[in-house]
Amino acid sequence: MGQKLIFDERPKDNRKDLFDREIEIEKIEKAVTSRKPLILILGVRRIGKTSVLQTALNELNENWILLDCRKLKENYSRRDIYTLIAQSLSRRIDKLKNVLEKINGISILGNQIEIKWKGRNYISLADLFDHLNEKRVIIAIDEAQKLRGPMSNEIKEAIAHAYDYDKNLTFILTGSEIGLLYDFLGVSNPKSPLYGRYYEEIVLERFDKEKSKEMLKRGFEELSFKVNDNVLEEIYEEFGGIPGWLVFAGLQYYSGKSLKELKEMAVQIALNEIENLLNRTPAKRRYKIVMKCIARGSDNWTKVKECLEKEEGSIISSSVLSNILNSLEKMSIIKDYTFLDPVYRDASMKLAVR
Ligand SMILES: Nc1ncnc2c1ncn2[C@@H]1O[C@H](COP(=O)(O)OP(=O)(O)OP(=O)(O)O)[C@@H](O)[C@H]1O
Ligand SMILES: [Mg+2]
């Protein structure tokens, strides 16, 4: 854990390197120390969820494991999720060895843990949680909406079981696609195992202008790099207080890129991300058109519908459009016909619709 600079693109893991977010970290730590079973950290991409999570985990004097679900492919298998859990346990083996070595279905080879995911000695997730419950353990799941898919019920059943019986466990889930995370959890869906469960929610918001400029200023100061106030101002205007973009912009500016160049780079990154996000959707082309329409100023239902119909040259049913808008909201790309990330908006203007 070497010291990082503000303008370091890796997620931060301690308060020294993190700008602001005291209140949010306080809330997480309070929820953990008061043994809340389920905590959510929510916010759009690049807002600092992983940084805040890691910082809180490192400060709390508790055992924890961290699963990065970004590593899971879309139709991940039982084997995939068990492997991910095994990896996260392996990284914390020094703290958890005495619990793990007693468990049938877990083998420890040096610093590597293997969990039986089928056959004889197979261990269910609920059983695994029951064993971990021998100690106080925080189970942090980064980008938990990625757990949706064929295994999702099994995982939710296990979390619901732990919620009710494993009082020593606390789950912290993060999600950048907030609607999808809610869908996964299904706390308001009577059919979900987690229906009706209470959870603590911490939302990370964008920094306002003043804070954004202060963060940039500190970042440049750390590098002993002099910049004019209008540069800070302009970066804020383009990137709208999302810390990950501020870090990106600061770093690129420091390395000699002009504001125009670095903005283009950011748009290119966003374009790639959008393509990837939309790969999961059945009617990718239509999604792109809708995003393009909104980016170009269609800011209500009628305007978006007109714009889409014009582009497609046909009448689009209301349910089709409403599905698309709904999904875009669940993916935390737009809300009320505005983009949550200004770079995504600018990228969407340029989306190639084929
Ligand atoms: N408060 C902060 N102070 C300093 N750097 C920050 C802060 N918040 C975020 N960053 C930086 O912004 C980038 C994104 O942060 P992080 O990965 O924690 O966000 P995230 O919400 O987890 O993003 P993603 O949704 O892409 O996973 C990283 O480079 C991180 O170092
Ligand atoms: Mg993250």
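This is a predicted model: local features need pLDDT of at least 70, side-chain atom pairs count only at pLDDT 80 or more; totals for chains, interfaces and linings use all residues.

Modeller: Residues are numbered from 1 along each chain as its sequence is written, chains are lettered from A and ligands numbered from 1 in the order in which they are written, and side-chain values use heavy atoms, with hydrogens and water left out.

Colleague: Why is Thr281 called buried?

Modeller: Buried means under 20% relative accessible area, exposed over 50%, and partly exposed in between, with a 1.4 Å probe and protein chains only. Thr281 has 12% relative accessibility and therefore counts as buried. This residue is found in the loop between α11 and α12; helices (H or I, at least four residues) and strands (E, at least two) are DSSP runs, numbered from the N terminus.

Colleague: What does the side chain of Thr281 reach?

Modeller: The side chain of Thr281 reaches the backbone oxygen of Leu278 at 2.6 Å. A polar contact is a pair of N or O atoms within 3.5 Å; within protein, one must be able to donate a hydrogen and the other to accept it, and residues adjacent in sequence count only if both atoms are side-chain atoms.

Colleague: What makes β5 largely enclosed?

Modeller: Six of the six residues of β5 are buried, so this strand is largely enclosed by the rest of the structure. Val137, Ile139 and Ile141 lie on one side, with Ile138, Ala140 and Asp142 on the other.

Colleague: How do you know that β5 and β6 pair, and in which sense?

Modeller: Two strands pair if DSSP finds at least two bridges between them. Strand β5 (residues 137–142) and β6 have five bridges, in the parallel sense. Ile138 stands opposite Thr170 in β6, and the bridge partner of Ala140 there is Ile172. The chain crosses from β5 through helix α6 (residues 152–165) to β6 in a right-handed β-α-β crossover; the term applies if, with the strands pointing away from the viewer, the path from the first strand over the helix to the second runs clockwise.

Colleague: Which other strands pair with these two?

Modeller: Strand β2 (residues 63–68) runs parallel to β5, joined by six bridges, with Leu66 opposite Ala140. Strand β1 (residues 38–42) pairs with β6 in the parallel sense over five bridges, and Leu38 has Phe171 as its bridge partner. In β6 (residues 169–175), seven of seven residues are buried.

Colleague: Why is α2 described as largely enclosed, and what covers its buried residues?

Modeller: Eight of the eleven residues of helix α2 (residues 49–59) are buried, so the description holds. The cover includes α1, β1, β2, β5 and β6.

Colleague: What of α15: why is it called largely enclosed?

Modeller: Six of the eight residues of helix α15 (residues 342–349) are buried, so the helix is largely enclosed by the rest of the structure. Its buried residues pack against α9 (229–239), α10 (243–254), α11 (259–278), α12 (284–295) and β9 (338–339), where contact means heavy atoms within 4.5 Å. At the start of α15, a side-chain oxygen of Asp341 reaches to within 2.7 Å of the backbone nitrogen of Val343.

Colleague: How do you know that Arg70 and Glu143 form a salt bridge?

Modeller: A salt bridge is a side-chain nitrogen of Lys or Arg within 4 Å of a carboxyl oxygen of Asp or Glu. The closest N and O atoms of Arg70 and Glu143 are 3.3 Å apart, and the pair forms a salt bridge. These residues are 73 residues apart and link distant parts of the chain. Arg70 is partly exposed because its relative accessible area is 38%, whereas Glu143, at 2%, counts as buried.
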